[in-house]
Amino acid sequence: MSSVVLKANSITKSFPGVKALDSVSLELHQGEVLALIGENGAGKSTLMKILAGIQPADSGELIVNGDQVSFDNVQSANDAGIALIHQELNLCENLDLAANIFLGRESHQAGFIRTRDTYQKARRLLEEIGLLEDPTTLAGQLSVGKRQMVEIAKALSTNANILIMDEPTSSLSQQESENLFRIINSLRDSGVSIIYISHRLGEVKELADRVEVFRDGENAGTLARHEISNDAMVRLMVGRSINEMFQSRNHTPGPVVLKVDQLVTPAYPKHQISFQLGKGEIVGLAGLVGAGRTELLTTLFGVTPAIDGEIEFNGKPIEVDSALTAVNAGIALVPEDRKKDGLVLEMPVRENISLPSLDRQSRFSTFTIADREHQLNQQLVDQLSIKTPSGDQQAKFLSGGNQQKIVIAKWLPLEPKLFMLDEPTRGVDVGSKKEIYELIHQLADDGGTVLFVSSEMEEILGLSDRIIVMHEGRISGELQKANYSEEAVMTLATGNADSTSKQIKRYQSDSIVATK
């Protein structure tokens, strides 16, 4: 075993009313990728903030390269060779790449910034991680995946030999994720040690040399490389074995709730989209990043009104020209970015929950607005098992899984007929995922129609009664449940209609309808 570069011994940290870490320990070796996993609220982020100098521990000790250390701020952690790459990227979009990489640490001479030297160093760092971008490029012009690479270059510019990566692939495409994995393996080979936090157990299994599991602020167990499996990780994370994440439940579709005929979205004005959804049906919307899935949902919700085409809802033509029109018709959207579009982070939980429905329901209620808010909060917090100290807690302080439950909960009092969910479990732990899956099934059991987007193949295959696949702004085909396979979905997602036709016999999938 290589030498230990970081050791955290008996770290404890409490916040008002919550013990986030209870005497947890962790050990990181040179040239190792250590995955840190656990449910939301398990204490992972708290420990990482302590290691990165963002907040102090109440008790315990940190040892870096054999020396006991105490970090008062981020700079002191950087000086010790530790850098944290946050899940929410921290680049200044109006500055170029070199300025972002060396912000506050520019080369100086006689009081002047050595611009040429700064750009040369930035270019070398970008080339080192395989990002062939000019350092004079504005950060705002790059894709999310490339910005992630710039964050890595920024961390390496501090001469860090310990990198902490918090959910680095949460907003990346498959290709961008594969590029990140290549860089991580290269850094490991060069002796850099990495703590890798992720809810995606598949990539943990692919990357990690060891896995450390936290549960309820305590160490739950450690897995060596040969012990890492989905079952073993889940068992340690939730304290029980989850044999079937996706229980097989069929929902027979009733009358047509939504009929879309030759719809043209602003994002893809050259393509027409036609499909229909039945009452009580769960339909998965699959496709690669950029296929137009999110754009379709935002058009159906009136955020970006359609250019052309017809929409029938509950048997009547409807022009969805705004989100308010959609909500009044009985359509709800859980957006892809819950923090930006789904929540008011500074508002308390109870106000987020009551925001869409309070005005409507208070008109017919003898209760005051405050009483109604309290009643809704208690009812939905209990119904969805939302973990919050109280309804007065600001939404920003809740875990990702509980934030997602709030975004779903706020629509329930309106009893919408169509629920559209865009990446409903992104950044959500395995325990909360199971609860959200159960809620989706319950919505369908109660007669609601669910249309959801997911980039996780097992989620698409496990939840859907029917799968609609998109490619470059159009529907490339549909799959019925009897004909599901990862290969069939990916063939349609890549627009390979010829291969799809050949697979009809192989999968006996007479119901695969490839759109010409």
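This is a predicted model: local features need pLDDT of at least 70, side-chain atom pairs count only at pLDDT 80 or more; totals for chains, interfaces and linings use all residues.
Lys481 is partly exposed at 27% relative accessible area. Asp465 is buried at 10%.

I then checked the count: the structure holds 17 salt bridges. Lys13 pairs with Asp58, closest N and O atoms 3.8 Å apart. They are 45 residues apart, Lys13 in strand S1 and Asp58 in the loop between helix H1 and strand S4. Here the lysine, Lys13, counts as buried at 9%. Asp58 is partly exposed at 46%.

Next I took a pair within one helix. Asp117 and Lys121 form a salt bridge at 3.4 Å, N to O. They are four residues apart in helix H4, so about one helical turn separates them. Asp117 is buried at 17%, and Lys121 is partly exposed at 31%.

I also noted a salt-bridge network that links Arg350, Glu351, Glu373 and Asp392.

Then I turned to the cores. The largest nonpolar core has 70 residues, and Leu258, Phe275, Leu300, Met420 and Leu451 have the most contacts inside it. Helix H16 gives the most to this core, six residues. Apart from it lies another core of 34 residues, among them Val33 and Ile194.

Which residues does Leu258 touch beyond its sequence neighbours? I found contacts including Phe275, Leu300, Ile311 and Leu418.

Notes. Residues are numbered from 1 along each chain as its sequence is written. Side-chain values use heavy atoms; hydrogens and water are left out. A nonpolar core is a set of buried Ala, Val, Leu, Ile, Met, Phe, Trp, Tyr and Cys residues joined through side-chain atoms within 4.5 Å. Buried means under 20% relative accessible area, exposed over 50%, partly exposed in between (1.4 Å probe, protein chains only). Helices (H or I, at least four residues) and strands (E, at least two) are DSSP runs, numbered from the N terminus. Contact means heavy atoms within 4.5 Å. A salt bridge is a side-chain nitrogen of Lys or Arg within 4 Å of a carboxyl oxygen of Asp or Glu. Lists of a residue's contacts leave out its neighbours within four places in sequence.
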